[in-house]
Amino acid sequence: MNSNNIKKGVSGLFCLLAAVGAPMLQSCEDFFDQESEHIIPADQEHLNSATDTIYSLTGILSKLEALGDRTILLGELRGDLMDYTGTADGDLVDIAQFNVGDDNRFNSPRDYYAVINNCNYYIEHCDTALRKSLTEYIFKREYAVVKTLRAWTYLQLVLNYGSVPFVTKPILTKEEADAHYPTYDLQDVCNYFIADLTPLSADYGNDVPQIGVVQGVDSRFFYYPLDVLLGDMYLWAGGQANARQAAKYYHKFLIEHNGNGVYPTGTDRVSWALNSDSYLSPSTNSWGRAFLGTRERSYSSNNELITVIPGDSLPSEPHYSQLRNYFNSTTDNDFKVSIRPSQGMFDISEAQRYCIVTNGAGGTRVASYAPTGLTNHRTGDLRLWAAYSSSENTTVIYSNGQTDRIDYYQQLTKWDRTSRNVPILRRQMVYLRLAEALNVAGYPRMAFSILSNGINDRFVKDSIMPYYTSADSVYLASITFRAGNDQYPVMSVDNWLGLSTLPYNTMGLHSRGSGFTPLNEYYRLPNDTIETDDTKRAQLIGEQQHYVDSLILQEGALECAFEGTRFYDLMRYCLRQPNPGQTMQDYIFGRRGKANRAAMASEIKKSLLDQRNWYLNYQGQFGLRTVPAGI
């Protein structure tokens, strides 16, 4: 097929003013850009050759490039872990101040609809009936991937705008563009795509096409896993029953990833030297190294990185990621960053107690704690120290001339120009969402174990099931880790001290930066008792759920800061609280620390008590109209 032989259609899609009940103030041509190139044969009813599907799939991926930077910026600048500097441009400042106007370059619904419309065309025209054998279809894998990309794009759209026009057919004519389409909110989007994707999960939940290496990157990194997205949809849908389903899909992904069956938390960490009272520099930083180097070039069952949004490699190209220049001091920005970690981020990190384990008398293990008051972000959790470095003296040249740097965990803001893609999903995010889903489902003890000890089948049976009813045990037994104890051995204290040669590949997520957490007396599940009375058990579980919910949100900050997830994590957390608006406002106003809450409040003109102000608006037509009851 000639790649220039393409069908012209309508991008950005359609004029939807009437769909949201507003008067028709402008034409569709004014509202959306209607020119879009679909990488599809112009003279065929179906996509029925490998060449057709490859061109079409790469065409969809090229549309995703426009969403890379904004996916991170909209997820972080509206949160509490990052703050803008005096050199930030107005568009970045407006995002952080919840004051995004129609002319903000990151406020463009049509970029999302360009992806959606291409996906709709592919889904309608891909010939999924063709087989290569009696049991294997030729294009079903690609079909599942495109359906997942469409669902992911709709989820991003509705999370940012609150309610959106919804269409599942390709828009190819002006008449179709002028038609009226229904408006879907978050619940509608989740319900639709849960039904749409579930039938594909059994065969394609973790299966993606391999179209080779693109610009040195394995193409499998370009896809969002279907099972993870189903987990996301169920988690956003809210409620205990949906949370149970979310946990099942996250768990299914983790045990089936790449067909290997073993995808543990890993044991990469930042730690102080064993048996040392020197606190000048941590001695171990396998955690930081896990995100650098060439991980996105090598796809394996044990890879930390899961998904990236593709981007351009040269600054002159339209979708070259500027995140490296927003976050890092570079020659391109005259060593002046636009965005830095916030005081709120520093406060969360420094509030942790790093647990040091040493050998005591008679072979006992003694826990002590690193001192407070250390400089250079060495107090508390060490992941911030491993990720962020700065120097206020701009005459000092170090680290390739940088004076402010975030060694973004996934090369996101790597300071050279070889990292073209924007990472959006990695393994620890899936484990954190699994913990969140289990907690909402009513199993805070199991969720807590993911944070504190690590988890395998023996731990579930011996240390979790006794605290729940026999009916609960049936569900918990379904969250099995295959031949668990052999394939998911949990790190012991002797492993931590280097005194055991037994294998291990699993540990609590909090140990990645805060020392050996199982012995940390400051990191405990409250009222940790077996309760046989049904009423008291329910009350105890409710208290533990509230506590663990806040721990998961905190761990998300420690592990995934700057990765584009924070505002959405805050949204889910706040929507589960009795007063979502007040909770959100408390977090955002704490961005610059407790002492500066009033100053932060004065900069954010819109009240965050009103959930409608959490979302973007566009030309009065995109934006939340009705406040949901919660999730």
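Here is a short tour of aromatic rings, charges over rings, a helix crossing and some backbone angles. Keep in mind as you go that the model is predicted.

**Stop 1: an aromatic pair.** The structure has 23 aromatic pairs, so let's pick out two of them. Select Phe 166 and Phe 193: their rings are edge-to-face, 5.8 Å centre to centre, with 65 degrees between the planes. Phe 166 is in the loop between β4 (163–165) and α7 (174–178), while Phe 193 belongs to helix α8 (residues 186–204), so this pair ties together parts 27 residues apart in sequence. Both Phe 166 and Phe 193 are buried.

**Stop 2: another pair.** Now select Phe 253 and Tyr 263, also an edge-to-face pair, with 6.0 Å centre to centre and 85 degrees between the planes. Is Phe 253 buried or exposed? Its relative accessibility is 1%, so Phe 253 counts as buried. Tyr 263 counts as buried too, because its relative accessibility is 0%.

**Stop 3: charges over rings.** Select Arg 244 and Tyr 475; the arginine lies over the face of Tyr 475, at 5.3 Å from the ring centre. Then try Arg 269 with Trp 496, where the charged end of Arg 269 sits over the ring, 4.7 Å from its centre.

**Stop 4: crossing helices.** Show helix α3 (residues 68–76) and helix α23 (residues 566–575). Their axes come within 5 Å and cross at roughly 50 degrees, which means α3 is oblique to α23. Which residues meet here? From α3 they are Leu 74, Gly 75 and Glu 76, and from α23 they are Arg 566, Phe 567 and Tyr 568. The residues of this contact divide into 3 nonpolar, 1 polar and 2 charged.

**Stop 5: positive phi.** Most residues other than glycine have a negative phi. Select Asn 376, in the loop between β13 (365–369) and α14 (383–387): its phi is positive, near 60 degrees. Asn 376 is partly exposed, at 43% relative accessibility. Finish at Gln 619, in the segment after α25 (597–603), where phi is a positive value of about 50 degrees. Gln 619 is partly exposed, with a relative accessible area of 22%.

Definitions and conventions: Residues numbered from 1 in each chain as written. Predicted model: local features only at pLDDT ≥ 70, side-chain atom pairs only at ≥ 80, totals over all residues. Heavy atoms only, no water. Helix = DSSP H or I, 4+ residues; strand = E, 2+ residues; numbered from the N terminus. Buried < 20%, exposed > 50% of the residue type's maximum accessible area, 1.4 Å probe, protein only. Axes fitted to C-alpha atoms, helices over the stretch in contact; angles between N-to-C directions. Parallel < 35°, antiparallel > 145°, perpendicular 65-115°, else oblique. Contact = heavy atoms within 4.5 Å. Nonpolar A, V, L, I, M, F, W, Y, C, P; charged D, E, K, R; others polar. Phe/Tyr/Trp six-rings, centres within 6.5 Å; stacked < 30°, edge-to-face > 60°. Lys NZ or Arg CZ within 6 Å of the ring centre and 35° of its normal.
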